[in-house]
Amino acid sequence: MSCLNTNALAFIGLCNEYCMLAENASGMTRNEFIQSAVRILPRLYISASDLQDNDTSADTYIEPALEEDMYEQVRSSVASLMGAEDTYLEVFEEDMKYSDTPIAASVAEGIADIFQSCYNFVTMVRDAPEPLIADALEAMKEEFRNYWSQTLCNLLRPLNQLRYNSTDNE
């Protein structure tokens, strides 16, 4: 059975679309970026959640392809767009259990963190043979489950607030 079922192909496409959004943030208005982000993030979450478990027993590692400069460019572009709204209070931080003070998080950093995973993945599978794509999909599912699924959910709260409850909506 092929690993490249409809959902796997959709996931690869969504990762690519997400990368384009993050890379092109500097050419967008804040409202355009927020509208695009609140459209793609839930789709990316659902698609990653629906990735099938492959029968691969190999521990596949997705080679880092993203350079630090590009990560920083994405992070700073989004931070610039978000301005004072880049920081939000995080309630799902592990340290929150032991803290009397709120813990702040950054929309820009969350966007850049997910971008890093998606960029590395898309770069790896771009011209890869199907067995390597299957392994990369499995590795991405693990990264999603263990790391960036919570980041994605956390980003939706402040972006949703700005999209639907902000006084400066277009």
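How many helices and strands does the secondary structure of the chain come to? The answer is 5 helices and 2 strands. The model is predicted, and the values below are computed from it. The chain has 170 residues, and 44% of them count as buried. The structure holds 0 disulfides, although the sulfur atoms of Cys15 and Cys118 are 3.7 Å apart.

**Secondary structure**
- Read from the N terminus, the elements follow the order α-α-α-β-β-α-α.

**Contacts and surface**
- Among contacts in the chain with a separation of 6 or more, 80% are between residues 24 or more positions apart.
- The chain has an accessible surface of about 9,400 Å².
- Carbon and sulfur atoms contribute 48% of that accessible surface.

**Cysteines**
- For Cys15, the closest cysteine sulfur is in Cys118, at 3.7 Å.
- For Cys118, the closest cysteine sulfur is in turn that of Cys15.
- A disulfide requires the two sulfur atoms to be within 2.5 Å, so the 3.7 Å between Cys15 and Cys118 is too far for a bond.
- Cys15 counts as buried because its relative accessibility is 0%, under the 20% cut-off.
- Cys118 is likewise buried, with a relative accessible area of 0%.

How values were computed: Residues are numbered from 1 along each chain as its sequence is written. This is a predicted model: local features need pLDDT of at least 70, side-chain atom pairs count only at pLDDT 80 or more; totals for chains, interfaces and linings use all residues. Side-chain values use heavy atoms; hydrogens and water are left out. Helices (H or I, at least four residues) and strands (E, at least two) are DSSP runs, numbered from the N terminus. Buried means under 20% relative accessible area, exposed over 50%, partly exposed in between (1.4 Å probe, protein chains only). Contact means heavy atoms within 4.5 Å. Accessible areas come from the Shrake-Rupley method with a 1.4 Å probe; for residues, only the protein chains shown count as cover.
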